[in-house]
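Please look over the sequence and the structure shown below before reading on.

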Amino acid sequence: MTMNEGTTRCLIIGSGPAGYTAAIYASRANLNPVLYEGIQPGGQLTITTEVENFPGYPEGVTGPQLMEDLRRQAERFGADIRRGTVTGVDFGVHPLLVTIDDGTVISADSVIIATGATARFLGLPDESKYSGMGVSACATCDGFFYRGRTVAVVGGGDTACEEALYLSNIAKKVYMIVRKPHLRASKVMQQRVFDKENIELLFNTNTEGLFGEEFLEGAHLIEHAGTDQERRHDILIDGFFLAIGHKPNTDVFKPWLEMDEAGYLKLEGVTSQTNIPGVFAAGDVADPHYRQAVVAAGAGCRAALDAERYLGLL
Ligand code: NDP
């Protein structure tokens, strides 16, 4: 065997709550899992601040600390955690072949995909400037910190409506910044938004920039851009929530795995089984609905148990 090859009974791709939980279970089942961390070690939670809704932390925990704890728990049972990103797979053979960005090719009896999803951002430089200081892509994670304040939600889909409704019960006022003259969300969600007195819809509106001394204080908006009705104005806000969709990190699996039209992996029933025997998935990569750390952790457990059962049959 050369330096650039390896074998494992169980290869886990991704280091969010799903990947690390799968690693905890797979290690304790003596599968000697190898886990590749991916582009963002620790996953989406490493860019949030306080996590108050993960069971077992009555005082709350920071996102990075929670991920560090999960990682240490996996390492305690011998999980082999490595830096590296998957650049290609061949799921047409058994053992399954997975190529890492340093050129290593791992042949694995089973693979657990836990590569997560990435929130879409508008691409404004100010979004990263105020990240964690008013800019968020998750109302259920961060909404609580805006109790009694004024916030804006960007987007006009079901997620944006859901986030705006959630925030409207916490914040004093919620703006929805919608680029079209109408919402894209389902009628029932639209009606719920229209019925809320403290949600103000700003149609035909885009965000040009954000401002604030240290923390976010407001947004520069443009209405009817490029028409003779074009108008620029500012709103004063403490929070700016992106809800313009998520993208599951599945590009590398496209030729092999069944996905829905948005790219989320399709699983068989309530299992973690994909359409390829021995390939399992857990967490946001296969979950367009809940997107919660605790749900992803549960799914990671499920995938490891499914892998263990599958390997017992080999
Ligand atoms: P969607 O793709 O449905 O909506 C994205 C929204 O963001 C659209 O209003 C879109 O505008 C807007 N948008 C996209 N890019 C930009 C941009 N650069 N600037 C400004 N606005 C932008 O994504 P969702 O996350 O809302 O939903 C994904 C899927 O999940 C959908 O199928 C949805 O129905 C489903 N879902 C269902 C829920 C439920 O049933 N309760 C809850 C959440 C999601 P435009 O309309 O102009 O394209």
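Is Arg82 buried, partly exposed or exposed? Arg82 counts as partly exposed, at 27% relative accessibility, where buried means under 20% relative accessible area, exposed means over 50% and partly exposed lies in between, with a 1.4 Å probe and protein chains only.

## Basis of the model

This is a predicted model, in which local features need pLDDT of at least 70 and side-chain atom pairs count only at pLDDT 80 or more, while totals for chains, interfaces and linings use all residues. Residues are numbered from 1 along each chain as its sequence is written, and side-chain values use heavy atoms, with hydrogens and water left out.

## Salt bridges

A search of the whole structure finds 13 salt bridges, a salt bridge being a side-chain nitrogen of Lys or Arg within 4 Å of a carboxyl oxygen of Asp or Glu. In one of them the side chain of Arg82 meets that of Asp80, at 2.8 Å from N to O, and Asp80 counts as partly exposed at 29% relative accessibility. Another salt bridge joins the side chains of Asp238 and Arg149, at 3.5 Å from N to O. Asp238 lies in the loop between β16 (231-236) and β17 (239-242) and Arg149 in the loop between α4 (139-142) and β11 (150-154), so this pair ties together parts that are 89 residues apart in sequence. The helices (H or I, at least four residues) and strands (E, at least two) named here are DSSP runs, numbered from the N terminus. Asp238 is partly exposed, with a relative accessible area of 24%, and Arg149 is partly exposed with 39%.

The side chains of Glu200 and Lys173 also meet in a salt bridge, at 2.5 Å from N to O. This pair links distant parts of the chain, with Glu200 in strand β13 (residues 199-202) and Lys173 in strand β12 (residues 173-177), 27 residues apart. Glu200 counts as partly exposed at 33% relative accessibility, and Lys173 counts as partly exposed at 23%. Elsewhere, salt bridges that share partners join Glu37, Arg71, Glu75 and Arg83 into one network.

## Helix packing

Helix α5 (residues 158-168) and helix α6 (residues 187-195) pack at an angle of about 35 degrees, with their axes 10 Å apart; axes are lines fitted to C-alpha atoms, for helices over the stretch in contact, and angles run from 0 to 180 degrees between N-to-C directions. The crossing of α5 and α6 is left-handed, a term used if the near helix is turned anticlockwise from the far one by less than a right angle, and right-handed if clockwise. Asp158, Cys161, Glu162 and Leu165 in α5 meet Met189, Arg192 and Val193 in α6, contact meaning heavy atoms within 4.5 Å. These residues divide into four nonpolar, no polar and three charged, where Ala, Val, Leu, Ile, Met, Phe, Trp, Tyr, Cys and Pro count as nonpolar, Asp, Glu, Lys and Arg as charged, and the others, Gly among them, as polar.

Helix α1 (residues 17-28) and helix α7 (residues 293-313) pack at an angle of about 35 degrees, with their axes 7 Å apart, and α1 passes α7 in a right-handed crossing. The α1 side of the contact includes Pro17, Thr21 and Tyr25, and the α7 side includes Ala293, Gly300 and Leu305. The residues of the contact of α1 with α7 divide into 11 nonpolar, two polar and no charged.

## The parallel sheet

Five strands form an open sheet in the order β10-β17-β11-β12-β13, and the pairing is parallel; two strands pair if DSSP finds at least two bridges between them. β10 (135-136) and β13 stand at the edges, each with a single partner strand, so one side of each is left without a neighbour in the sheet. Five bridges join β11 to β12, and Val153 stands opposite Met176 in β12.

## Two buried residues

Ser27 lies in helix α1 and is buried, with a relative accessible area of 5%. Not counting residues up to four places away in sequence, Ser27 touches Pro33, Ala74, Phe77, Gly78 and Ala79.

Leu183 is found in the loop between β12 and α6 and is buried, with a relative accessible area of 6%. Leu183 and Ala160 are 23 residues apart in sequence and 9.5 Å apart in space, C-alpha to C-alpha.
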